[in-house]
Amino acid sequence: SKAGAGAVSLSLSPKRSFYFFAAMAAKRAVAEGLAFLKQQQQRHTWGTPRPEFWIDERTCKRCYDCDVPFNRFLTRKHHCRVCGRVFCNACSSHSLPPPDNPNAEPVRVCNFCFRVRSGSVNGGGGGGDVGGG
């Protein structure tokens with residue numbers, strides 16, 4: 001009898017043979033999946049990429065821009081995906097494509113990074129859809 005590529009020549013009953021090859025296939029699939037995830041992590045092509053500078057939100061008690069204190073229910077913390085700082089919703093309500101992939105889905109950015117990346121930094125308060133308040 002011919003054995004398939006990578007098959008092991010063992011004297012197994014049909015039932016045990018099935019379980020053996022199923023276990024080997026599962027092991028191979030897990031190894032390939034882990035290799036794929038490691039490759040994607042190195043390329044930053046899945047999920048939202050982090051900037052190199054990333055503030056730990058556990059240590060951040062106030063919005064970096066407006067200084068409003070964070071709390072569990074009313075003022076949530078949001079990271080800007082460009083600068084890595086932590087902001088309240090009002091100060092990070094914009095979205096732009098990630099800096100390293102302009103064709104990707106837009107990600108959350110702070111007001112300042114939005115103005116810089118959209119070319120509307122002029123020292124004044126003019127900035128497209130930046131709301132006042």
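Author: Let us start with a term: two residues are in contact when heavy atoms lie within 4.5 Å. Residues 24 or more positions apart account for 33% of the chain's contacts with a separation of 6 or more. This is a predicted model, in which local features need pLDDT of at least 70, side-chain atom pairs count only at pLDDT 80 or more, and totals for chains, interfaces and linings use all residues. Residues are numbered from 1 along each chain as its sequence is written, and side-chain values use heavy atoms, leaving out hydrogens and water.

Reader: Thanks! Why is histidine 78 called buried?

Author: Buried means under 20% relative accessible area, exposed over 50%, and partly exposed in between (1.4 Å probe, protein chains only). Histidine 78 has 13% relative accessibility, so it counts as buried. Across the 133 residues of the chain, 21% count as buried.

Reader: Where does histidine 78 sit, and which residues does it contact?

Author: Histidine 78 is in strand 1; strands are DSSP runs (E) of at least two residues and helices are runs (H or I) of at least four, numbered from the N terminus. Beyond its neighbours within four places in sequence, histidine 78 is in contact with residues including Val86, Phe87 and Ser92. Histidine 78 and serine 92 are 14 residues apart in sequence, with their C-alpha atoms 7.0 Å apart in space.

Reader: What makes arginine 58 and aspartate 56 a salt bridge?

Author: The rule asks for a side-chain nitrogen of Lys or Arg within 4 Å of a carboxyl oxygen of Asp or Glu. For arginine 58 and aspartate 56 the closest N and O atoms are 2.8 Å apart, so the pair qualifies. By this rule the count comes to 1 salt bridge.

Reader: What is the phi of aspartate 67?

Author: Aspartate 67 has a positive phi of about 70 degrees, although it is not a glycine. Aspartate 67 lies in the loop between helix 1 (14–43) and strand 1 (78–79).
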